[in-house]
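Here are my notes on this model, written as numbered points so that you can follow along with the viewer open. Please have a look at the structure before reading on.

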Amino acid sequence: GEEEIKHMKIPKLPKPRMASLRTLYDPLSVAKGRSDNNKCAANSMQERRDPLDSALVLTFPGPNSFTGEDIVELHCHGSRAVVHGVLSALSSLSSTPITTTQDGSNHPPSPPRKLSLRPADPGEFTQRAYAHGKLGLVEVEALADLIVADTSLQRKQALQQFDGRLSRLYGGWREELIKGLAHAEAVIDFGDDEALDADDDEDDGDGNDIENDGGMSIWGTIRPRITSLREAMNRHLADASRGELLRDGLRIAIVGRPNAGKSSLLNLLAGRDAAIVSSSPGTTRDVVEVMLDLGGVRCTILDTAGVREEKEEGVNEIEVEGMKRARRAAKDAHIIVGVVDATDFDRGLEAVKELIHGNDSEFEGELKNGNVIYVLNKLDLVERQGDQSMSELSDSVTFGISCQTSEGVDGFLSSLTSQALSLVSGSDDGTDSTMNPRLLTVEGTEGAVITRARHRRHVEEAADALERFEQLSGQGYMVLDMAAEELRLAASELGRITGAIDVEDVLDVLFADFCIGK
């Protein structure tokens, strides 16, 4: 039996990229209770092996696979027994030398060898895809975002980045910089000998060639394009960080005095008892977080401790710490929901405004978020006083609700959703030139937005380098090499985003665009 196991006949693999239903066996185990008399035929051997699962098998020969390598996929059922059995069988193949023969093949058996099989490290398949050039660095980041996407808008943004539009944008910008850098290098190296303009046939309009000026005429064609590129970068950066907000999610802090109904409102929004509700003031001490999907935007709702004067009766050091955390949560929030008790309107409104405007010395001047929605709660306990109270907040977005009867909650939730969507939506993505036709655009990059702080930092550095280039490029031949260095720096910053830094690019463009020594 051991010799039969070590010399196995392997069924033919399915055709590439075509799913085939196959029975998976453990090649190194034999079913118990079977006689050892039938050892000849291969089908008898299969019958005596332990079946693991009936699964779909697909093969993807490289380089036409996700990683660029040869891949075999086993689409098994998901029970623990099946998964454990298949993984154990694969692991055993790496410890026992096996001689294999392909069914229907005339080739001699392969020499005994151990198969190199092991569990993949986290992200190893994607890492191999990147190493083989199947994915760029930005696409790898997009795939990571897609895997952890919680909402439909997060999924759409990740897919837009995964399809390469962000890489195309930065790659197009970098290509333009490399062209300019190649021209600048030509002027530096050959300016004293050759008139190296972008167009060898350029003249002064009267049919006379422009006199050789040591190569300085090169800036006449490059500088306007660099200026247009810098403006496109600045427009790309002026996006209110909506790509990062959508990827990371918004934070919405519910603030107010104790017993204003903050925890009741959180429970209504969450559809469950996420926070303890009690008539005793100061029940919420720490920040309670609940994740909600508001119109496709991932929002973390924060129920905070009630804020009141520390000298009020019943306030202790634990509640004081809770109020500090409430102020901190409000400071870091993208949207603040100020809950005011309709039965105690004046004190409730004063507490919310004090927290938002930061009269506390520790937080003074830090709460500058203008996205504030006032909620006048407990309308079921007052008669027609709500309308008068709400008139005092006519300059703010205000809703009257009752957490007890759910009156007005739908309207408030709709407004909150619209507010969240407004923070992550817009049309100024740096790639739309309809507002400014002078902006340099890259085809196929519509909707490309910055999604990570790393991207933003490198684009900012690139834009700063181009601004320095514009200043240096007007100061004559003596600073020509310094201006060229700023172009090189900008291209390097963009290359760090996509992982495509290569100094050979400059040489390739240089010799493609110019005929040196002509």
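**Notes on the model**

1. Residues three or four places apart point the same way because an α-helix has 3.6 residues a turn.

2. A word on the basis of all this. The model is predicted, so local features need pLDDT of at least 70 and side-chain atom pairs count only at pLDDT 80 or more, while totals for chains, interfaces and linings use all residues. Numbering runs from 1 along each chain as its sequence is written, and side-chain values use heavy atoms, with hydrogens and water left out. Helices (H or I, at least four residues) and strands (E, at least two) are DSSP runs numbered from the N terminus.

3. The chain as a whole has 17 helices and 11 strands. Of its 518 residues, 44% count as buried. Among contacts (heavy atoms within 4.5 Å) with a separation of 6 or more, 67% are between residues 24 or more positions apart.

4. Which residues touch the most other members of the largest nonpolar core? In this core of 32 residues they are Y170, W173, L177, M233, V459, L466 and L494. Two or more residues come from each of α7 (165-190), α8 (219-237), α15 (453-472) and α16. Another core, of 30 residues, lies apart from it and includes I252, V339, I373 and L416. A nonpolar core here is a set of buried Ala, Val, Leu, Ile, Met, Phe, Trp, Tyr and Cys residues joined through side-chain atoms within 4.5 Å.

5. G499 follows α16 and has a positive phi, near 75 degrees.

6. Now for the sheet, which is open, has 6 strands in the order β7-β8-β6-β9-β10-β11 and shows mixed pairing; strands pair if DSSP finds at least two bridges between them. At the edges stand β7 (288-294) and β11 (397-400), each with a single partner strand, so one side of each has no neighbour in the sheet. From one strand to the next the twist averages 25 degrees.

7. Helix α14 (residues 409-424) packs on this sheet and touches β6, β7, β8, β9 (335-341), β10 (372-377) and β11. The direction of α14 makes about 160 degrees with that of β9; axes are lines fitted to C-alpha atoms, for helices over the stretch in contact, and angles run from 0 to 180 degrees between N-to-C directions.

8. Is β10 covered or exposed? Mostly covered: 6 of its 6 residues are buried. V372, Y374 and L376 point one way, and I373, V375 and N377 point the other. On one side, β9 and β10 run parallel and share 6 bridges, with V337 partnering I373. β10 also pairs with β11 in the parallel sense over 4 bridges, and there V375 has F399 as its bridge partner.

9. Back to the rings: there are 2 aromatic pairs, counting Phe, Tyr and Trp (its six-membered ring) with centres within 6.5 Å, where planes under 30 degrees apart are stacked, over 60 edge-to-face and the rest tilted. Y170 and W173 form a tilted pair, 5.8 Å centre to centre with 55 degrees between the planes. F399 and F412 have ring centres 6.2 Å apart and planes at 70 degrees, so theirs is edge-to-face. Because F399 lies in strand β11 and F412 in helix α14, this pair ties together parts 13 residues apart in sequence. F399 and F412 are buried too.

10. A329, in helix α11 (residues 317-332), is buried at 9% relative accessible area and contacts A253, V287, L302 and T304, leaving aside neighbours within four places in sequence. Q161, in helix α6 (residues 152-162), is buried at 4%.

Key. Buried < 20%, exposed > 50% of the residue type's maximum accessible area, 1.4 Å probe, protein only.
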